[in-house]
Amino acid sequence: MRYHASINTYVLSHNSLHTHSIASIHNSQMENKMLGFCAIAAVLGIISAATGFAGEATKVKASEVIVDYINDACVYPSSPALALGIVSAVFTIITRIYISISFSGAGCCRTDPNSTPISKLLFVLSWVASVVAVVLLLAAAGLNNRQGGEVDSYGYITCYVVKPGIFAAGAILALLSAVFGIAANITLTPPSQTNTYPAVALPMGTNVDPEKNPVPFPPQQYPPQQV
């Protein structure tokens with residue numbers, strides 16, 4: 001009877017360690033996946049913001065525009081702000097797609113057991129920031145490349161340039177979109193762990209080696225035995 005109790009105790013502890021090992025491996029995989037998502041989303045967001053700020057720094061300024069009074073036109077210098085604004089908008093869209101795919105079913109309009117009200121709110125804020133950032137960046141890039149001018153009724157030539165801060169605002173919103181997306185994914189509730197290998201006791205007399213066969217058997221009912 002004492003031998004039987006020692007075997008049961010060993011199997012219980014062995015199964016518990018086996019289940020704990022599986023849970024540790026699963027948690028490690030989830031952490032690595034989360035770190036990978038955060039790293040990629042952060043890099044995409046930084047690229048979007050960096051190109052947007054570069055567009056702000058290189059945009060055509062009012063002092064750089066030359067007024068051609070002979071042809072009644074405005075002559076704009078060449079500027080890389082158009083290309084930088086488009087690149088920033090494209091990377092913002094890529095970031096938005098990547099976050100949406102990684103977020104899977106936990107979006108604002110979907111039901112997911114792992115989503116929380118905070119994660120849904122952050123996901124919506126990420127979407128809004130992305131849309132506004134793309135609109136600002138593309139509008140600023142288009143206005144920066146605008147040529148010509150308008151002559152009013154008094155004969156004055158009006159030349160248009162991008163207002164200061166439009167590229168910068170788009171860049172900040174592009175970065176915030178990535179930040180909100182990362183925060184939304186982090187605030188998800190981790191999935192509940194199920195005990196795949198429950199700890200059970202083996203009946204006395206069962207010919208099983210716990211070292212070679214750690215898989216537990218379903219519990220069985222046996223009549224009491226007298227020693």
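**Notebook: burial, a surface patch and a ring pair**

I started with burial: of the 227 residues in the protein chain, 29% are buried. I note here that the model is a predicted one.

**Layout.** I went through the secondary structure next. I counted four helices and four strands in the protein chain. Read along the sequence, their order is α-β-β-α-α-β-β-α. I then looked up the contacts with a separation of 6 or more, and 78% of them are between residues 24 or more positions apart.

**Surface.** I looked up the accessible surface of the protein chain, which is about 14100 Å². Carbon and sulfur atoms hold 67% of that surface.

I then asked which residues make the nonpolar surface patch. They are Ile46, Phe53, Ile172, Leu175, Leu176 and Val179, and the patch covers about 490 Å². Helix 1 (2-58) and helix 4 (166-186) are the elements that each give two or more residues to the patch. Helix 4 has the largest share, with four residues.

I checked one patch member by itself. Ile172 sits in helix 4.

**Helix 3.** I took the span of helix 3, residues 117-144, from first C-alpha to last. The helix has 28 residues and reaches 40 Å, close to the 40 Å expected at 1.5 Å a residue.

I also listed the buried residues of helix 3. Among them are Leu122, Phe123, Val134 and Leu137. The list also includes the serines Ser119, Ser126 and Ser130, the alanines Ala129, Ala133, Ala140 and Ala141, and Asn144.

**Aromatic pair.** I searched for aromatic pairs and found one in the structure. It is formed by Phe37 and Tyr98. How are the two rings arranged? They are stacked, with 5.6 Å centre to centre and 20 degrees between the planes; the cut-off for stacked is under 30 degrees.

I asked why this pair links separate parts of the chain. Phe37 lies in helix 1 and Tyr98 in helix 2 (residues 81-103), so the pair ties together parts that are 61 residues apart in sequence.

Is Phe37 buried or exposed? Phe37 is buried, because its relative accessible area is 6% and the limit for buried is under 20%.

Technical notes
Residues are numbered from 1 along each chain as its sequence is written. This is a predicted model: local features need pLDDT of at least 70, side-chain atom pairs count only at pLDDT 80 or more; totals for chains, interfaces and linings use all residues. Side-chain values use heavy atoms; hydrogens and water are left out. Buried means under 20% relative accessible area, exposed over 50%, partly exposed in between (1.4 Å probe, protein chains only). Contact means heavy atoms within 4.5 Å. Accessible areas come from the Shrake-Rupley method with a 1.4 Å probe; for residues, only the protein chains shown count as cover. Patches are made of residues with over 30% relative accessible area and no salt bridge: like charges are joined within 9 Å, nonpolar side chains (Val, Leu, Ile, Met, Phe, Trp, Tyr) within 5 Å. A salt bridge is a side-chain nitrogen of Lys or Arg within 4 Å of a carboxyl oxygen of Asp or Glu. The expected span of a helix is 1.5 Å times one less than its number of residues. Rings of Phe, Tyr and Trp (its six-membered ring) pair if their centres lie within 6.5 Å; planes under 30 degrees apart count as stacked, over 60 as edge-to-face and the rest as tilted.
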